[in-house]
Amino acid sequence: MDCSQITYWCHEVIRSQVKEGGRYIDATMGNGHDTLFLCGIAGENGQVTAFDIQEQALEHTRALLDSYGIGKNVRLVLDGHEHMAKYEEPGTVSLVCFNFGYLPGGDHEIATKAETSLQAVQAGLGLLEPGGMMSLCIYSGGDTGFEEKEKLLEFLKELPPKEYTVIVNEYYNRENHPPTPVFIWKKKI
């Protein structure tokens, strides 16, 4: 695994911050790699809920989880991530993980959009427990455009600092619009 790859790096930060046994959301299921990772963190006592709007994503994720014998503590939801609050209670989620863009190997025309992604981040913040964390892998450029990235970063900049800590990272020496890893912590009150 390339340790400079955004998903690997985000997983390492998540692993260092989140404890086993909580409630975790994979807001952008894709091919299931983040879902599988979160199931490993959840352990036997935790719960993972993963969202995607494409049946193909659920099929790929189910096959991946089945190949590892995982299924007891995971719920795969065919619905947009902006609706996650219909499935979890406010203040009960330890982590919400986003990997924006399109389904790898899928139709690039079907991708996350600024409006629904912003709604999803807002919903996810409401679900986080005090001390909970959100991870965002934000892509921009050719296939995904820049609007989503700009809208998300504008919103995050305005989050109240007494309630949230937001850390935006960047690949400083990469060309062609590299992804932006972002971490948000909901402060304990």
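What share of the contacts in the protein with a separation of 6 or more comes from residues 24 or more positions apart? Such pairs account for 71% of them, a contact being heavy atoms within 4.5 Å. The model is a predicted one, in which local features need pLDDT of at least 70 and side-chain atom pairs count only at pLDDT 80 or more, while totals for chains, interfaces and linings use all residues. Residues are numbered from 1 along each chain as its sequence is written, and side-chain values use heavy atoms, with hydrogens and water left out.

As for the overall layout, the protein has five helices and seven strands (DSSP runs numbered from the N terminus: H or I of at least four residues for helices, E of at least two for strands). Along the sequence they come in the order α-β-α-β-α-β-β-α-β-α-β-β. Of the 189 residues, 50% are buried (under 20% relative accessible area, with exposed over 50% and partly exposed in between, using a 1.4 Å probe and protein chains only). The accessible surface comes to about 9,800 Å², and carbon and sulfur atoms hold 50% of that (Shrake-Rupley method, 1.4 Å probe).

Now to the helix pairs. Helix H1 (residues 6-17) and helix H2 (residues 33-42) have axes that come within 11 Å and cross at roughly 20°; axes are lines fitted to C-alpha atoms over the stretch in contact, and angles run from 0 to 180 degrees between N-to-C directions. H1 is therefore roughly parallel to H2 (under 35 degrees; over 145 is roughly antiparallel, 65 to 115 roughly perpendicular and the rest oblique). His 11, Ile 14 and Arg 15 of H1 make the contact with His 33, Asp 34, Phe 37 and Ile 41 of H2.

H2 also packs against helix H3 (residues 55-67), at an angle of about 40° and with the axes 9 Å apart, so H2 is oblique to H3. Here His 33, Thr 35, Leu 36 and Cys 39 of H2 meet Thr 61, Leu 64 and Leu 65 of H3.

Gly 124 counts as buried because its relative accessibility is 0%. Leaving aside residues up to four places away in sequence, Gly 124 touches Met 84, Val 96 and Met 134. Its C-alpha atom lies 8.9 Å from that of His 81, a residue 43 positions away along the chain.
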